[in-house]
Amino acid sequence: MNIAIAGGGFSGMIAAIAAANAGADVTIFEHMPRIGKKLLLTGNGRCNISNADMDPKHFHGGNTDRIKAVLEQCPREETLAFFEKLGLYITDKNGYMYPFCEQASAVLDTLRFAIRDLNIEVYTETDIKIIDKRERFIISTGNGCFEFDRLILCCGSGANRNTGSDGSGYTLARNLGHNIIKPLPALTNLVCSDEFFPSIAGIRTMAAVSLYSVDDNGDSKILGKEYGQLQFTKTGISGICVFNLSYLAVTALEQKRPVKAMIDLLPDISWSQIGEFISNRRDLFSSRPVEEFFAGLLAKPLGLCICKRCGIDLKRKTSSISDDELPNLCKMIKEFEAEVTSYGNFESAQVSQGGVDLDEIRDNLESRIEPGLFFAGEILDVNGDCGGYNLQWAASSGLLAGREASR
Ligand SMILES: Cc1cc2nc3c(=O)[nH]c(=O)nc-3n(C[C@H](O)[C@H](O)[C@H](O)COP(=O)(O)OP(=O)(O)OC[C@H]3O[C@@H](n4cnc5c(N)ncnc54)[C@H](O)[C@@H]3O)c2cc1C
């Protein structure tokens, strides 16, 4: 059995090793000068490879049963055992899994060395242009034509194109008869319309962020809520909690629905306590100017922004904040509102949502349309939360596809 792996990224390298371990004769085609370029960027170069919490709620896509089926057939434990066999020592840092040496290059090295030791053929700088299915798969590249019994498409998405994932895999899949759910950015920043963002850009704070949109009846509905570190940017909001919510905002905006972010800037103080808390501060610092009211509690520009948005002059005395103005301040702290108008593009997104339609794939990742064709990784309509879920998906699907394709 000879198997072609289209794309030498994380899922492709794992699929290749799994297939070769099962006795197949494997060839990887990669159009970049080296395999695994994107892997080197992951986790800021430290590679957050998996997570202790494997609740399926961290994975999103068009067919959640199929995602679950893949993760059940090839669970995290199996992928960790796979890496261990390659010599990679992985540690758990508060639930986030990293290579012990905290270097993505170490993960890449273990994969590269296994590929070499298993005599897997690797063609780099070899762009797959066309794939034809006759008796076998005929792969036309810039460096000639090749024939294979089986094919695993692992070309990634369109996120971060300079790593090689340029979206060309979708065209290859489409030409083989597959439907592509529109690829859109995920794990990205959100752009907000309000003019005050430049004044608070750069501030990081723990916050609870909720996103709202409207349903088909025009009624307001919550899209999702996340707690974590929030970062204000010149144009809006970013940070892990925003990244995790971004796919929901992107989908709603694509459907031309309005999206609103509601930010709780003091999530550890309840709505019932906040009034008393703010009122006590007013008494405590009554002689200070309003511009000093939030000193020690919130970053200065954020405190000023809250006062300004409440229409409270910064030169006034704190004691002059009226009982009528207090609830506005509380609301601004607990429900700091911003209209989301757009989102970071594929260049700033870590992953893509959308991709090869999961309804056209069997639980073992083989195409229902083209027998012998398998898929793995981000090319599929699956996107995970921040925290190692996307590499976990790439590893589970790569391992499963490699094993199944070599049967
Ligand atoms: C900055 C950044 C940080 C990230 N950090 C994390 C993290 O810490 N944890 C985590 O879980 N996820 C992280 N991710 C996401 C994760 O890297 C991806 O989900 C994962 O790499 C997807 O693997 P893949 O094999 O499907 O695709 P890729 O790794 O993108 O590989 C696809 C490969 O196919 C090749 N290719 C494409 N088309 C062709 C063609 N026509 N011919 C030949 N070759 C082709 C590409 O060059 C590429 O090498 C991060 C992503 C980015 C951008």
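I shall speak about confidence, then the domains, then the ligand, and finally the packing of helices.

This is a predicted model, in which local features need pLDDT of at least 70 and side-chain atom pairs count only at pLDDT 80 or more, while totals for chains, interfaces and linings use all residues. Residues are numbered from 1 along each chain as its sequence is written.

The mean pLDDT of the protein chain, that is, the predictor's confidence in each residue from 0 to 100, is 97, and 100% of the residues reach 70 or more. Confidence is lowest in helix H9 (residues 271-284), with a mean of 95, and highest in strand E20 (residues 373-375), at 99. Helices (H or I, at least four residues) and strands (E, at least two) are DSSP runs, numbered from the N terminus.

Let me turn to the domains. The assignment, which is automatic or from a database, gives domain 1 (2-186 + 351-405) and domain 2 (189-344). Their C-alpha centres are 39 Å apart. How many residues of domain 1 are in contact with domain 2? Eight residues of domain 1 touch nine residues of domain 2, where contact requires C-beta atoms, placed from the backbone, to lie within 7 Å. Strand E12 (residues 180-186) gives the most to the domain 1 side, with three residues.

Next, the ligand. The shell around the ligand holds 42 residues, and the closest are Gly7, Gly9, Gly156, Gly164 and Gly377; a residue is counted as near if its C-beta atom, placed from the backbone, lies within 6 Å. Which helix gives the most to this shell? H12 does, with four residues. Helices H1 (10-21), H2 (42-45), H6 (168-175) and H12 (389-405) each supply at least two residues.

H12 also packs against other helices. Helix H4 (residues 76-86) and H12 pack at an angle of about 80°, with their axes 10 Å apart; axes are lines fitted to C-alpha atoms, for helices over the stretch in contact, and angles run from 0 to 180 degrees between N-to-C directions. H4 is therefore roughly perpendicular to H12, since angles under 35 degrees count as roughly parallel, over 145 as roughly antiparallel, 65 to 115 as roughly perpendicular and the rest as oblique. In this contact, Arg76, Glu78, Thr79 and Phe82 of H4 meet Gln392, Ala395, Ser396 and Leu399 of H12.

Finally, the axes of helix H3 (residues 64-73) and H12 come within 9 Å and cross at roughly 75°. H3 is therefore roughly perpendicular to H12. Here Val70, Leu71 and Gln73 of H3 meet Ser396, Ser397 and Leu400 of H12.

Conventions:
Two residues are in contact if their C-beta atoms, placed from the backbone, lie within 7 Å.
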